[in-house]
Structures are given as structure tokens and as C-alpha cells.
Amino acid sequence: MHTASKIGPNSIIQTVAALEATYGKSKTENMLRKIGQGYLIGNLPKEMVEETKFHTLACALQKEIGETASASILKESGERTAPLFTESPYSSNFPEISKAASRPHRF
């Protein structure tokens, strides 16, 4: 049995926020409906979501608004999410985790 990879809800929450900041609420809602993501309107995730949901949103945005505009939205989304991560109670461990993850693994 395969368990789907999960990603934090802020990946989607902040992407929608970046869209609203760029296009306004009404145009964002219309766009979300048009690209098959209308279920997000008034129903943003509160828990971890399958990574494929974010990937589907990102790909649909790229098709709808183009590579440059979608890259800008995703960049802003990441910038909105980063402070939330660094302010988390787990962020004090980040330097150690980052160093450990970057070391070559020996088997």
C-alpha cells in the first residue's frame, strides 16, 4: 500500500493569497473555477494535503496565466510561507537538520 506524500497547507493557502494580491479576489475566484480548482474558494486546507493537490494547482496556473506569471505567483507564495517556517518552534533545529541532510550518506 502506497501512502501519498503530504505537504503543508500553506503551500496552497499562500498561493491563493498571492493570486488575490496580484489579481484581486473576484478575478482569483473566477480563475480558480476556470482551472478546476474552485473547491478552494472559501475552503482552504487546514491540515496537511497530498502534494499532488499543490502540483495540480501549480500546473493549472501555468497553463492559465503562463510560465512567467505563474513563476512570479509561486515565488511570492514561497516568500509568504518562509517567515511562517522560520517562526515555527521547530526552526531552531533547522541549521542542524540542514547540515545533516546535506552530508553525503554512507552505507
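**Helix packing and burial**

Modeller: The axes of α1 and helix α2 (residues 25-34) lie 7 Å apart, and the two helices pack at about 125°. This is a predicted model, where local features need pLDDT of at least 70, side-chain atom pairs count only at pLDDT 80 or more, and totals for chains, interfaces and linings use all residues. Residues are numbered from 1 along each chain as its sequence is written, and side-chain values use heavy atoms, with hydrogens and water left out.

Colleague: How is α1 oriented relative to α2?

Modeller: Axes are lines fitted to C-alpha atoms, for helices over the stretch in contact, with angles from 0 to 180 degrees between N-to-C directions. Under 35 degrees counts as roughly parallel, over 145 as roughly antiparallel, 65 to 115 as roughly perpendicular, and the rest as oblique. The angle here is about 125°. Therefore α1 is oblique to α2.

Colleague: Is the crossing of α1 and α2 left-handed or right-handed?

Modeller: A crossing is left-handed if the near helix is turned anticlockwise from the far one by less than a right angle, and right-handed if clockwise. For α1 passing α2, the crossing is right-handed.

Colleague: Which classes of residue make the contact of α1 with α2?

Modeller: Contact means heavy atoms within 4.5 Å. V16, L19, E20 and Y23 in α1 meet K25, K27, T28, M31 and L32 in α2. Ala, Val, Leu, Ile, Met, Phe, Trp, Tyr, Cys and Pro count as nonpolar, Asp, Glu, Lys and Arg as charged, and the others, Gly among them, as polar. The contact of α1 with α2 has five nonpolar, one polar and three charged residues.

Colleague: How is α1 oriented relative to α3?

Modeller: Helix α1 (residues 10-23) and helix α3 (residues 51-65) have axes that come within 10 Å and cross at roughly 25°. So α1 is roughly parallel to α3.

Colleague: Which residues of α1 and α3 make the contact?

Modeller: α1 passes α3 in a left-handed crossing. By class, the contact has seven nonpolar, two polar and one charged residues. From α1 come S11, I12, T15, L19 and Y23, and from α3 come K53, F54, L57, L61 and I65.

Colleague: Is T15 buried or exposed?

Modeller: T15 sits in helix α1. T15 touches N10, F54, L57, L61, I73, L74 and S77, not counting residues up to four places away in sequence. Buried means under 20% relative accessible area, exposed over 50%, partly exposed in between (1.4 Å probe, protein chains only). With a relative accessible area of 0%, T15 is buried.

Colleague: How far apart in space are G78 and Q14?

Modeller: G78 belongs to helix α4 (residues 67-86). G78 is partly exposed, at 37% relative accessible area. G78 and Q14 are 64 residues apart in sequence, yet their C-alpha to C-alpha distance is 7.5 Å.

Colleague: And how far apart in space are S72 and T22?

Modeller: S72 is also found in helix α4. S72 counts as partly exposed, at 46% relative accessibility. S72 and T22 are 50 residues apart in sequence, and C-alpha to C-alpha they are separated by 9.7 Å.

Colleague: In what order do the elements run from the N terminus?

Modeller: Helices (H or I, at least four residues) and strands (E, at least two) are DSSP runs, numbered from the N terminus. The protein has five helices and two strands. Their order is β-α-α-β-α-α-α.
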